[in-house]
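Take a look at how two chains meet. The report below goes through the contact piece by piece.

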Amino acid sequence: MGLIQREIERVGIATIGISIVRDYSEKVQPPRTVFLRWPFGHPLGEPGNLPQQRAVVFEALRALYQIETPGTIIDLPFRWRRENYADYQPPSAAELE
Amino acid sequence: MNLTRFKNRALTRLATVLPGLKQRFIDAYQPRASAGEIPWIKPAKPLRQAKLALVTTAGIHHRTQQPFDMNDSDGDPSYRALNGEELFNDFQITHDYYDHTDARKDPNIILPLRPLQEMVRAGLLGSLAQTHYAFMGHIVGRHITTLVEKTAREVAAKLKADQVDLVLLTPA
């Protein structure tokens with residue numbers, strides 16, 4: 001996935017990738033990555049858990065705007081199946097510009 | 001289905017319930033390492049004005065499209081263009097290297113169209129592209145070159161032509 005990401009960034013489109021295997025991202029070095037220690041097939045979490053999906057998307061977009069150094073991997077704090085998303089605070093408008 | 005495909009699918013199901021197996025899958029597949037400068041461009045616009053597209057390697061596609069080729073052991077480096085408005089009405093996942101039981105129940109866990117559509121309605125995201133792209137992932141051997149030098153570049157050019165500002169990529 002990171003190889004594709006690099007080609008997209010190369011044409012002048014800013015990219016963010018979600019990773020579930022940190023080793024792969026370290027090797028491939030995409031421009032920006034958020035990492036989750038979650039099972040294969042579940043980059044946005046569990047089926048039907050919309051608050052979880054929203055939180056991952058928001059954190060990916062925050063990283064897209066906030067990462068300043070090429071190749072950065074941000075480890076997201078969300079644990080698999082033990083997280084309460086009711087208290088999740090999405091990024092402010094200023095963090096997304 | 002041949003024996004190799006059967007074995008791959010059975011193992012992927014086990015890997016979802018036995019986290020220890022995930023490491024075996026990780027060790028068995030090694031992506032190509034990159035060297036040199038990392039491509040880099042700052043987001044062109046604030047999110048509330050930007051157009052975003054999704055690119056996934058989860059092997060999802062419209063049921064009417066040709067499935068990815070699962071019989072080539074080097075993988076299938078081709079891609080499918082996805083219509084974001086229609087995809088979830090009739091989709092298929094062709095990918096033997098992960099368990100898609102949950103993704104079939106809710107494809108937003110591999111391609112988060114619903115939360116992004118919500119963000120557009122809320123005015124947080126400018127717009128969502130109509131066309132998104134799916135690859136299959138697990139590309140090895142001779143097809144890595146095809147992917148990097150041909151198909152990934154084709155998709156990048158199409159996204160650029162569609163005036164996409166931001167791309168979110170999801171694996172499987």
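## Strands across the chains

This is a predicted model. Strand 1 (residues 14–19) of chain A pairs with strand 7 of chain B. The two strands run in the parallel sense, and 4 bridges link them.

## The contact as a whole

Chain B gives 54 residues, and chain A gives 49 residues.

Which elements of chain B give two or more residues to the side that touches chain A? They are helix 1 (3–17), helix 2 (19–28), helix 3 (101–105), helix 4 (113–121), helix 5 (143–161) and strand 7 (166–170). Helix 5 of chain B provides the largest share, with 8 residues. By class, this side of chain B has 35 nonpolar, 8 polar and 11 charged residues.

## A helix against a helix

Helix 3 (residues 50–66) of chain A packs on helix 4 of chain B. Their axes are 9 Å apart, at an angle of about 70°. Angles of 65 to 115 degrees count as roughly perpendicular, so helix 3 of chain A is roughly perpendicular to helix 4 of chain B.

Which residues make this contact? Helix 3 of chain A uses Leu50(A), Gln53(A), Arg54(A) and Val57(A). Helix 4 of chain B uses Arg114(B), Pro115(B) and Leu116(B). Sorted by class, the contact between these two helices has 4 nonpolar, 1 polar and 2 charged residues.

How values were computed
Residues numbered from 1 in each chain as written. Chains lettered and ligands numbered in written order. Predicted model: local features only at pLDDT ≥ 70, side-chain atom pairs only at ≥ 80, totals over all residues. Contact = placed C-beta atoms within 7 Å. Nonpolar A, V, L, I, M, F, W, Y, C, P; charged D, E, K, R; others polar. Pairing = 2+ DSSP bridges. Axes fitted to C-alpha atoms, helices over the stretch in contact; angles between N-to-C directions. Parallel < 35°, antiparallel > 145°, perpendicular 65-115°, else oblique.
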